[in-house]
Number of protein chains: 2
Amino acid sequence: MNILVTLDSNYMKPLRVMLKSLFLNNPEEAFTIYLMHSSIKRKELADLNSFIKDHGSQLKIIELDNSHFADAPTLFYYTKEMYYRLLAHKFLPDNLSRILYLDPDILVINPIRKLYEIDIDGYLYAAAYHDIPSIKEINKIRLRPYGIEAYYNSGVLLMNLDLHRRHIKEEAIYNLVRRKSLKLIMPDQDILNALYAKRIRSIDEKLYNYDVRYFRFYKIITNNLWDMDHVINNTIILHFCGKKKPWHKDYSGKFHSLYKHYEKLAFAALPNSSSYYKAQYGW
Amino acid sequence: MNILVTLDSNYMKPLRVMLKSLFLNNPEEAFTIYLMHSSIKRKELADLNSFIKDHGSQLKIIELDNSHFADAPTLFYYTKEMYYRLLAHKFLPDNLSRILYLDPDILVINPIRKLYEIDIDGYLYAAAYHDIPSIKEINKIRLRPYGIEAYYNSGVLLMNLDLHRRHIKEEAIYNLVRRKSLKLIMPDQDILNALYAKRIRSIDEKLYNYDVRYFRFYKIITNNLWDMDHVINNTIILHFCGKKKPWHKDYSGKFHSLYKHYEKLAFAALPNSSSYYKAQYGW
């Protein structure tokens, strides 16, 4: 399976935690991790590379600099890295037709193949929108000029690269960003929604992009079905959305202990044997 | 390492979760699990046996019935099983000199060898007392006639079996239970404290018997040192004390997601027996 991540040095630790959870809960899969970046240090990349190799997967590094986005407008304190995930198809190998983009602030707590194989024929993406009333309404109103009906979260994106190559154009994106009337709050996510929402296949956020801040909300709207037991056994992706992150000192939340557990495993010395995995899973 | 558990059918599922956490976090150890019981069904024992074998450890079953405690007084709705952990030395092999008793409502989240090897020369037990002011005071007052200074929790007990054989006598225990003036609330734990508190080596509850209800308390008394990160990386044993248990539907707590994670792993590899437990317990 092809996984795409785009980040800077600040997210290297969470990335490793995310990957650890992905590897542990998908022990029979091999992944090719494409990392698009512009500023990560050699040493950090080498560490990441051996970490990924030790888990039977491989890392492919795509290093970019500003020359790659020479014509792109920038915004405020956002760098050109905001374009990486939207324009990834320009830098990925031509023969890839599908890739799963994942934010680093997530945990993959169950097998991911069902997500990876979702039918996206005719769609640019599969993504989930967060159906929390307040979030949904605010973003729908904010992006009303673009006639969107749902505001998709861009943290988990299954990409149809064949269609991206044909339909996602730099100029369309740059033109949108240049419009002064549009206030981009979360630039890449706003662009995704403003330009492509109608060509996104909607997937269940409770399975594929579970916002950990809304445990109670999900439980209530499902008549208590989606309790902790159900989340742990069914949700594929936990997303630590928002400003408070589980690797921060002052974090507190329902999935804090679970996150710290994976973080510990991500940085534990890895015994170089398959018996470690056998012990982990009893298989 | 020798591990002792004493329980009935109601705790078979938590036992398996506890053992899974023990095995996962001690991948290089082999354990001999001694299970003392009187009423667990053949099928359940066979399942447990293969689960333990699959993890490279072994199960030894000690089946008792009331004939073994013919002279023992019983209390209210407590059965004679309350004596199992206190009198285990009478039923364990003569050549064992040390065993670690563990309650089934715990998770072992880090290597346990440091605990197992604590020096208990001259002590009957190593155990932790819960230093939460309310608990401590109530129990000290309650057991004042016995002059105890700390009220030890009996959920994690490192036992010096050589000394038990010489100093722990059935009659002393039965005599204590027969005294009408003593109101035993948690019988085995009360007996342990009333008779043997002075010969218990005290160990740090934050490391070896962390009461999950008191996350905030431990954090405050350590000037924020014992935060979630520190717990996950340092605490060996999380103890889900109290009436609300993490396998109950309505449970809520800081370590709920982590417990459910281990529970999932404990039942992941054996779909047949997991449906067996589902039928048994309604989960």
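User: What makes helix α11 of chain A and helix α11 of chain B oblique to each other?

Analyst: In this predicted model, the axes of α11(A) (residues 256-267) and α11(B) (residues 256-268) come within 6 Å and cross at roughly 60°. Axes here are lines fitted to C-alpha atoms, for helices over the stretch in contact, with angles from 0 to 180 degrees between N-to-C directions. Angles under 35 degrees count as roughly parallel, over 145 as roughly antiparallel, 65 to 115 as roughly perpendicular and the rest as oblique, and the two helices are therefore called oblique. Their contact is made by A:S257, A:L258 and A:H261 together with B:S257, B:L258 and B:H261, where contact means C-beta atoms, placed from the backbone, within 7 Å.

User: Which helix gives the most to the side of chain A that touches chain B?

Analyst: That is α11(A), with 6 residues, while 18 residues of chain A are in contact with 20 residues of chain B. The residues on this side of chain A divide into 8 nonpolar, 6 polar and 4 charged (Ala, Val, Leu, Ile, Met, Phe, Trp, Tyr, Cys and Pro count as nonpolar, Asp, Glu, Lys and Arg as charged, and the others, Gly among them, as polar).

User: Why are α1(A) and α2(A) described with another word, and what is that word?

Analyst: Helix α1(A) (residues 12-24) and α2(A) pack at an angle of about 5°, with their axes 11 Å apart, and that angle makes α1(A) roughly parallel to α2(A). In this packing, A:M12, A:R16 and A:L19 of α1(A) meet A:E44, A:L48, A:F51 and A:I52 of α2(A).

User: How do you know that β2(A) and β3(A) pair, and in which sense?

Analyst: Two strands pair if DSSP finds at least two bridges between them, and β2(A) (residues 32-37) and β3(A) (residues 58-63) pair in the parallel sense over 6 bridges. As one example, A:M36 has A:I62 as its bridge partner in β3(A).

User: Is B:R178 buried or exposed, and why?

Analyst: A residue is buried if 20 or more other C-beta atoms lie within 10 Å of its own, exposed if 12 or fewer, and partly exposed in between; B:R178 has 11 and is therefore exposed. B:R178 lies in helix α6 (residues 170-178) of chain B.

User: How are residues and chains labelled, and which confidence limits apply?

Analyst: Residues are numbered from 1 along each chain as its sequence is written, and chains are lettered from A and ligands numbered from 1 in the order in which they are written. Local features need pLDDT of at least 70, side-chain atom pairs count only at pLDDT 80 or more, and totals for chains, interfaces and linings use all residues.

Conventions. Helices (H or I, at least four residues) and strands (E, at least two) are DSSP runs, numbered from the N terminus. Two residues are in contact if their C-beta atoms, placed from the backbone, lie within 7 Å.
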